[in-house]
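Biologist: Could you walk me through this fold, strand by strand?
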Amino acid sequence: MEEKNKIDNLSTESNDENTTAEQNTFNARILVAEDNPINQELVLTMLETMGCTVLVVDNGVKAVEAITQAPLDQLRGGYDMVLMDCQMPELDGYQATGEIRAWEKSEQDTAGSAAIPIIALTANAMAGDRERCIASGMDDYLTQPFTQEALAAICQKMALSRKNG
């Protein structure tokens with residue numbers, strides 16, 4: 001009897017893991033702007049595990065170029081979300097987001113589509129940091145280090161807001 005309960009418990013745990021894995025699977029194309037090679041690899045692995053296609057760039061200039069220099073039809077079908085480190089060389093995440101938002105606004109009449117969600121990635125967890133990210137044009141904020149579950153939750157939130165918005 002005790003062995004049957006162990007088997008039933010294992011079966012239930014396995015089903016719970018499968019349900020969580022299914023809920024955390026996304027068919028999304030995500031641009032990651034992150035200058036730290038270790039963080040790049042961690043985010044890339046997490047996103048690929050979730051089923052995402054990922055392009056990683058290592059500074060804000062390259063992030064802006066990845067968005068603004070893609071053909072417009074490719075862009076609108078290109079990135080579902082941007083994960084933007086706030087502190088990067090050449091152009092920080094705040095400035096890069098501002099340039100992307102300005103470009104989107106100038107292209108709005110031509111493209112007629114919604115802005116790409118931009119999520120701040122930052123080690124800063126001080127009062128006012130989230131507000132600074134939002135004020136710069138970012139849609140949300142994720143404090144590093146973060147778990148795959150936290151990343152999946154924000155991906156889900158952004159996917160739902162794009163679907164409903």
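Biologist: Which residue in E2 is the bridge partner of Leu31?
Modeller: In this predicted model, Leu31 has Leu55 of E2 as its bridge partner, where strands (E, at least two residues) and helices (H or I, at least four) are DSSP runs numbered from the N terminus. Ile30 is likewise bridged, with Val54 as its partner in E2.
Biologist: How many bridges join E1 to E2?
Modeller: Five bridges join E1 (residues 29–33) to E2 (residues 53–57), and the two strands run parallel; strands count as paired if DSSP finds at least two bridges between them.
Biologist: And what order do the strands of the sheet take?
Modeller: The sheet is open, with five strands in the order E2-E1-E3-E4-E5 and parallel pairing.
Biologist: What does H3 lie across?
Modeller: Helix H3 (residues 60–68) lies across E1, E2 and E3, and runs at about 155° to E1, with axes fitted to C-alpha atoms, for helices over the stretch in contact (heavy atoms within 4.5 Å), and angles taken from 0 to 180 degrees between N-to-C directions.
Biologist: Changing topic, what is the average pLDDT?
Modeller: The protein averages a pLDDT (the predictor's confidence in each residue, from 0 to 100) of 80, and 74% of the residues score at least 70. Over residues 1–22 the pLDDT is below 50, and this stretch has zero contacts in the model beyond near neighbours in sequence.

Definitions and conventions. Residues numbered from 1 in each chain as written. Predicted model: local features only at pLDDT ≥ 70, side-chain atom pairs only at ≥ 80, totals over all residues. Heavy atoms only, no water.
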